[in-house]
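Hi,

Here is the structure I promised to pass on. Have a look at it first, then read my notes below.

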Amino acid sequence: MTGTAVALEQVPDPAFSEKHMGEGIAIEPSEGKVFAPFDGVIAHVMNKSKHAIILEHETGVQMLVHIGINTVGLKGEGFTAHVNSGDTVTAGQLLIEFDMEAIQAAGLPLITPVLIPHGNDRIEQAMANFTGPVQANGEALIVVKFTEPQ
């Protein structure tokens, strides 16, 4: 996404800000588009609401992109998914478009958590790389460190 990367703690939802769902970062979007950050497979698109997507890298690492807060309540209004669960995608591919004005008009925050969900035993650490201005298809925002093979 293009926008401003901020600490996950700034997300106005404790499930994200207290890192119950995983480690990562959040983006205040300046453009209503989500692009694939890496080659992979769409593990899941929230079909009815289209507000969130899970991508899986070839290493098995998954990434959740959750557009806005409480946007599931919009029931897909203002969201256009360009991919389906099971699709193979390439880095830079457009995944979802969203109407920023419609989300704001509904009184919902646009801040978008981007995280590595808990539960992958191979991950030793997932950490946010930096905050500040970010460009879609630019620098990596999250770095994942794997455990040593047994």
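A quick term before anything else: buried means under 20% relative accessible area, exposed means over 50%, and partly exposed is in between (1.4 Å probe, protein chains only). Bear in mind that this is a predicted model, where local features need pLDDT of at least 70 and side-chain atom pairs count only at pLDDT 80 or more, while totals for chains, interfaces and linings use all residues. Residues are numbered from 1 along each chain as its sequence is written, and side-chain values use heavy atoms, with hydrogens and water left out.

Salt bridges

I counted a salt bridge when a side-chain nitrogen of Lys or Arg is within 4 Å of a carboxyl oxygen of Asp or Glu. That gives three of them. In one, E9 pairs with K19 at 3.2 Å, N to O. This pair links distant parts of the chain, ten residues apart: E9 sits in the loop between strand 1 (3-7) and helix 1 (14-17), and K19 in the loop between helix 1 and strand 2 (22-29). (Helices, H or I with at least four residues, and strands, E with at least two, are DSSP runs numbered from the N terminus.) K19 also bridges to E23, at 3.3 Å from N to O, so E9, K19 and E23 are linked in a network of salt bridges. How accessible are they? E9 is partly exposed at 48% relative accessible area, K19 is partly exposed at 25%, and E23 is partly exposed at 27%.

Then there is K145 with E124, whose closest N and O atoms are 3.5 Å apart. K145 is in strand 13 (residues 142-146) and E124 in strand 11 (residues 123-128), so this bridge ties together parts that are 21 residues apart in sequence. Both ends are partly exposed: K145 has a relative accessible area of 42%, and E124 comes in at 46%.

Nonpolar cores

By a nonpolar core I mean a set of buried Ala, Val, Leu, Ile, Met, Phe, Trp, Tyr and Cys residues joined through side-chain atoms within 4.5 Å. The largest has 33 residues, and V34, I42, I53, L55, L95, F98 and I103 have the most contacts inside it. Among the elements giving it two or more residues are strand 4 (40-45), strand 5 (52-56) and helix 2 (100-105). Strand 9 gives the most, with three residues. A second, separate core has eleven residues, including V11, F16, A26 and I69.

Cheers
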